[in-house]
Amino acid sequence: MANNHNSRHTIILLQNSPNRATRTFMDYDSVGQAMDGICGLYERKLKEINPSLRNLSYDIADLYNFIDGLADLSALVYEHSLSAYLPYDRQWIKQKAFNHLKRLANGGR
């Protein structure tokens, strides 16, 4: 279980705008749940912009634009073998989000 990619505690650090007061964090039990969380943030933003929209649909480019539009975004992922959190950048998050959505689209979790 120690090597299970999906059981690594993940902390997402984000800042919505240049205003430092918008800095916050979210924590999740796995990388996959963290990617769900980031997609959820984007989906909530889409609903705010389009409150009458019944079904949300977006592609990976839309999600990447959202991620790139954040003032700051990074992840800390617990590495059991080191007993420490390793930092990952925006590009890593985009790749993980892409893989996560691809898995969901193929019907698997």
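In this predicted model, buried residues make up 30% of the 109 residues in the protein chain. The exercises below start from the whole chain and then turn to its parts.

**Exercise 1.** Determine the order of the strands in the open sheet, and find which of them are edge strands.

*Solution.* The order across the open sheet of four strands is β2-β1-β3-β4, and the pairing is antiparallel. The edge strands are β2 (23-28) and β4 (84-88), because each of these pairs on one side only. From one strand to the next, the twist averages 20°. Looking next at one pair in detail, β3 and β4 run antiparallel to each other and are joined over five bridges, and Tyr78 is found opposite Tyr85 in β4. Finally, helix α1 packs on the sheet, where it touches β1 (10-15), β2 and β3, and the direction of α1 makes about 25° with that of β1.

**Exercise 2.** Identify the buried residues of helix α2, explain why they lie on the same side of α2, and state what covers them.

*Solution.* Buried here means under 20% relative accessible area, and in helix α2, which spans residues 60-69, the buried residues are Leu63, Phe66 and Ile67. They cover an arc of only 95° around the axis, and therefore they sit on the same side of α2. On the face turned away from this buried side, α2 carries the exposed residues Asn65 and Gly69. The cover over the buried residues of α2 includes α1 (31-49), β3 (72-79) and α3 (90-105).

**Exercise 3.** Find which backbone nitrogen a side-chain oxygen of Asp59 reaches at the start of α2.

*Solution.* Look at the start of α2 and follow the side chain of Asp59, one of whose oxygens comes to within 3.0 Å of the backbone nitrogen of Ala61.

How values were computed: Residues numbered from 1 in each chain as written. Predicted model: local features only at pLDDT ≥ 70, side-chain atom pairs only at ≥ 80, totals over all residues. Heavy atoms only, no water. Buried < 20%, exposed > 50% of the residue type's maximum accessible area, 1.4 Å probe, protein only. Helix = DSSP H or I, 4+ residues; strand = E, 2+ residues; numbered from the N terminus. Arc of directions from axis to C-beta. Contact = heavy atoms within 4.5 Å. Polar contact = N/O pair within 3.5 Å; in protein donor to acceptor, adjacent residues only side chain to side chain. Pairing = 2+ DSSP bridges. Axes fitted to C-alpha atoms, helices over the stretch in contact; angles between N-to-C directions.
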